Amino acid sequence: MLKIVRRHFSFLILLLAVVLVIVGCNDRMSNPSVPINTSKTGVDSVKAQQLIALWQDSLMQNTELSKSYAQDLLNLGQKQGDSTFIARGFQNLGVSEFYVGNLDVSLRYYKEAVSIYRQLGDQRLEGSMYHNIANNFKQQTRYDSAFAYNSRALALFQKLNDTLRTAASYDFASGIHLELSNTKQSLEYAQRAAKLFSQVGDTLRYTDALSKIADNQAFMGKDSLALQVYREVAQNYRRANDSYYLAGVLIKMGSSLANLNQLDSAVYYTRESQRINEAGNFSYNMLSDLDILGNLYIKQEDFTKAAENSRKLIALADAQNSVFYKVNALLNLGEAQLKLKNYNASIKALEEGLDLAKRNRISANQQRAYLYLTQAYEGLGQYDNALATYKLFKKSDDSLFGVESQRNFDELRTQYETEKKEQQIFTQQNEIALLEEKTTRQQLQQTLLIGGVVVLLLLLGAITYGYRQKSRLKAVESEAIEQELAFKDKELVTHVLHLAKKNEALETILQQAQLVHETNDHQKHCKNLIRTISGELQSDAYWEDFTRYYENVHKDFNLAIQSRFPDLTANDLRLIALLKMNISSKQISQILHISPEGVKKARYRLRKKLNLATEDSLESFIHQFR
């Protein structure tokens, strides 16, 4: 559970970074005070500027109101036939829709705006819209499209010698790489951005880039280093009286302190952020404050406060139409009620949160909901329901290596190892027959050499030398084959023992299942069956056994690839092992219990860590690696 909470804090840092990027795009990069170039009357221009200012002021406080101001601007432009007003109206509508999570609608408005800016020949605003479109694709995790549009923006800004916006494009690229866990590239781009912002003397944007550097450090688990940078960032925002960004960095500080288990300090900074956001009516940041506070209260085991905080977050999320935060709040409320042994209340909150997550395809929290539902049903003594939800828990896609993957992997591994051993035995028999045939051939060759000694007298010296060399080579080959046979025999015994252990566990499960079938005391045996299956599936022993067997077959492979690529994690090595075993993507998806898209992302991140070019084959690289 602590891992889930820590992952949640790290995700919040990423989410806040995304929010600040889009605000930077539309607040700092597109200053509404810049006059609009128009051929219409001064009255129209003043009215347009007023609508833009009202939109800007309401954007972070009341997004629905901000949409109405953007629509009024669009209507004004259409009424007057002014393309500049129309483009800015579409742009502002796109930003407002982005804030409430309507990404498809937002993207449609952005594309309308960029088409008009292109017709007007305004490359600066065209580039800014490419920037916004890139951020939209980034939110949809369509990273290739996000990179493509950001590259368009970067090319225009470099053509215009716009150092400020060039730096912003670097900063955005840093954010994409951070989400893809490419921390090296993310830091590179963040440092480029910081350098350019410093060159133009833009202290605030330089501070934004420093914050991105700290985000990378936090994402890598270097929370102590991140805190040092965050403190410098917070001081700069205080000097600039930039309360919105100050509140954002205080939330990040609270998250890093929570990861360091300094919970009292984490609560202090989060509440300080909450105070600033409430004073400025920054409603979106207020959602983050309440979300983090709820998790902190759970870590402190103050479940009454956690439940109360979750109810506040639900109300605010409803008001802001934020599905993500409402799902988090419902699950936190369900967990708090579970710990307070209010099982019925817990089930109600969890089922509502689960239903909302499914309808909005928020898969990250579904496994957590199933786990708590299982515990709540167990607390009520409803073991049939507990077993049903536990099965759903195992099938959920939340984690790359969920507990369901253990069972699928064990079954496939047993099948693979059995077939492999049968093939090895067949190969060994063929090798023995081949050795016998080689021995017979050698004897025949010796006889022929002796019988033809008179005829080949002139060539005797050369033939004798060649024969001796061949005999030595064959002796070495025979010794190597004998050593390999001994190793394979030993390995076969090890695998047979492993299979026996697995069969013993399965036999125990079968016996308990038969008891459930033959007796009336279903609840008692169902509960025992759940515990037995849970113990087997949640054990890391099978992964450890597999690693040992795998390294016996592929001697020093993991050591060699880790020495060359030290950033590889245990999860990366598991994926490499499956690819080296020629397991298909579909089977990998079933074994690790992730979606096919999840396999693609895992392969994409692995390719990045292995520094492979687009045209390079991942499988060929792994098979050929020495």
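The side chains of Glu 619 and Arg 603 form a salt bridge, with 2.7 Å from N to O. This is a predicted model, by the way. The two partners come from distant parts of the chain: Glu 619 sits in helix α28 (residues 618-624) and Arg 603 in helix α27 (residues 596-609), 16 residues apart. Glu 619 is partly exposed at 27% relative accessible area, while Arg 603 has 18% and so counts as buried, since the cut-off is under 20%.

Take Asp 215 and Lys 252, whose side chains meet at 3.1 Å, N to O. Here helix α10 supplies Asp 215 and helix α12 (residues 243-259) supplies Lys 252, 37 residues apart. Asp 215 is buried at 1% relative accessibility, and Lys 252 is buried at 2%.

Helix α10 also holds Lys 212, which pairs with Asp 171 of helix α8 (residues 163-179).

Now look at what else helix α10 does. The axes of α9 (residues 183-199) and α10 (residues 203-219) come within 8 Å and cross at roughly 165 degrees. Angles over 145 degrees count as roughly antiparallel, so that is how α9 lies relative to α10. Their crossing is left-handed. Among the residues making the contact are Leu 187 and Phe 197 of α9, and Ile 213 and Lys 212 of α10. By type, the contact residues divide into nine nonpolar, five polar and two charged.

Technical notes:
Residues are numbered from 1 along each chain as its sequence is written. This is a predicted model: local features need pLDDT of at least 70, side-chain atom pairs count only at pLDDT 80 or more; totals for chains, interfaces and linings use all residues. Side-chain values use heavy atoms; hydrogens and water are left out. Axes are lines fitted to C-alpha atoms, for helices over the stretch in contact, and angles run from 0 to 180 degrees between N-to-C directions. Helices (H or I, at least four residues) and strands (E, at least two) are DSSP runs, numbered from the N terminus. Angles under 35 degrees count as roughly parallel, over 145 as roughly antiparallel, 65 to 115 as roughly perpendicular and the rest as oblique. A crossing is left-handed if the near helix is turned anticlockwise from the far one by less than a right angle, and right-handed if clockwise. Contact means heavy atoms within 4.5 Å. Ala, Val, Leu, Ile, Met, Phe, Trp, Tyr, Cys and Pro count as nonpolar, Asp, Glu, Lys and Arg as charged, and the others, Gly among them, as polar. A salt bridge is a side-chain nitrogen of Lys or Arg within 4 Å of a carboxyl oxygen of Asp or Glu. Buried means under 20% relative accessible area, exposed over 50%, partly exposed in between (1.4 Å probe, protein chains only).
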